[in-house]
Amino acid sequence: MEEEKKEVTEGKGWNVFKLLPSCGKEAANLDIIFACDGASSVGQVANEVAKDLTVRGVGARMCCTAAVGAGSEAHVNIGKNAKRVIVINGCANKCTSKIMQQKGIKIDYEYTISEMNVKKAPTLDFDEKDVEKIAEKIAEDVGYNGKA
């Protein structure tokens, strides 16, 4: 295992302790998170919440929403094979949910940042307190019980 990590990361400057579980190989054992990463404040909050939940080490792993939208069979199958699917939309357009629905991916939990008292603004800036608050709410809803 250590040899494998070294081979995968050697010369790439990656911290081997930060490598994520392979969502393609382990989807059935993972909650897969698909999030917006749109060019607005709420899109950025959605992406940061997905990252937060992923690094907690509670069996959640974000996956590439754009790849699903583009029809990548591997990524669509990750969603279809996931233990549970968590969707985090940025705004009322709910693009992430629509992508999952179009590809036949069942959504177990669906959130929309702009409906959670976060104003959509044409900026990439966001308040870290919004990220923390929403990540905690989702963690509570899906049963992560504040595990870090």
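1. Contacts of Ser 41. Setting aside neighbours within four places in sequence, Ser 41 is in contact with Lys 119, Lys 120, Ala 121, Thr 123, Asp 125 and Phe 126. The model shown here is a predicted one. The side chain of Ser 41 also reaches the backbone oxygen of Lys 119, at 3.0 Å. Ser 41 belongs to helix α3, which covers residues 41-55. With a relative accessible area of 6%, Ser 41 is buried.

2. Overall arrangement. The chain contains seven helices and four strands. Read from the N terminus, these elements follow the order α-α-β-α-β-α-α-β-α-β-α. Of the 148 residues of the chain, 41% count as buried. The accessible surface comes to about 8,400 Å², and 49% of this belongs to carbon and sulfur atoms. When contacts between residues at least 6 apart in sequence are considered, 65% join residues at least 24 apart.

3. Nonpolar cores. Which residues touch the most other members of the largest nonpolar core? They are Val 49, Leu 53, Ile 88, Ile 113 and Ile 138, in a core of 25 residues. At least two residues of this core are supplied by each of β1 (31-35), α3, β3 (84-89) and α7 (128-142). Another core, of 15 residues, lies apart from the largest one, and among its members are Phe 34, Val 76, Val 87 and Ile 99.

4. Cysteines. How many disulfides does the count give? The count comes to zero disulfides. Cys 36 is in no disulfide, and the nearest cysteine sulfur, that of Cys 91, is 6.4 Å away. For Cys 63, the closest cysteine sulfur is in Cys 23, at 4.1 Å, which is too far for a bond, because a disulfide requires two cysteine sulfur atoms within 2.5 Å. Cys 36 is buried, at a relative accessible area of 18%, and Cys 63 is likewise buried, at 9%.

5. The structure holds eight salt bridges. One of them joins Glu 136 and Arg 56, whose closest N and O atoms are 2.6 Å apart. Glu 136 lies in helix α7 and Arg 56 in the loop between α3 and β2 (60-62), so that the pair, 80 residues apart, links distant parts of the chain. Asp 52 is linked with Arg 56 and Glu 136 in a network of salt bridges.

6. Further salt bridges. Lys 94 and Glu 115 meet through their side chains in a salt bridge, at 3.6 Å from N to O. Lys 94 is in the loop between β3 and α6 (95-102), and Glu 115 is in the loop between β4 (109-112) and α7; the two residues are 21 apart. Lys 94 is partly exposed, at 26% relative accessibility, and Glu 115 is exposed, at 52%. Asp 108 and Lys 106 form a salt bridge as well, at 2.2 Å from N to O. In this pair, Asp 108 is partly exposed, with a relative accessible area of 31%, while Lys 106 is exposed, with 58%.

Note on methods:
Residues are numbered from 1 along each chain as its sequence is written. This is a predicted model: local features need pLDDT of at least 70, side-chain atom pairs count only at pLDDT 80 or more; totals for chains, interfaces and linings use all residues. Side-chain values use heavy atoms; hydrogens and water are left out. Buried means under 20% relative accessible area, exposed over 50%, partly exposed in between (1.4 Å probe, protein chains only). A polar contact is a pair of N or O atoms within 3.5 Å; within protein, one must be able to donate a hydrogen and the other to accept it, and residues adjacent in sequence count only if both atoms are side-chain atoms. Contact means heavy atoms within 4.5 Å. Accessible areas come from the Shrake-Rupley method with a 1.4 Å probe; for residues, only the protein chains shown count as cover. A nonpolar core is a set of buried Ala, Val, Leu, Ile, Met, Phe, Trp, Tyr and Cys residues joined through side-chain atoms within 4.5 Å. A salt bridge is a side-chain nitrogen of Lys or Arg within 4 Å of a carboxyl oxygen of Asp or Glu.
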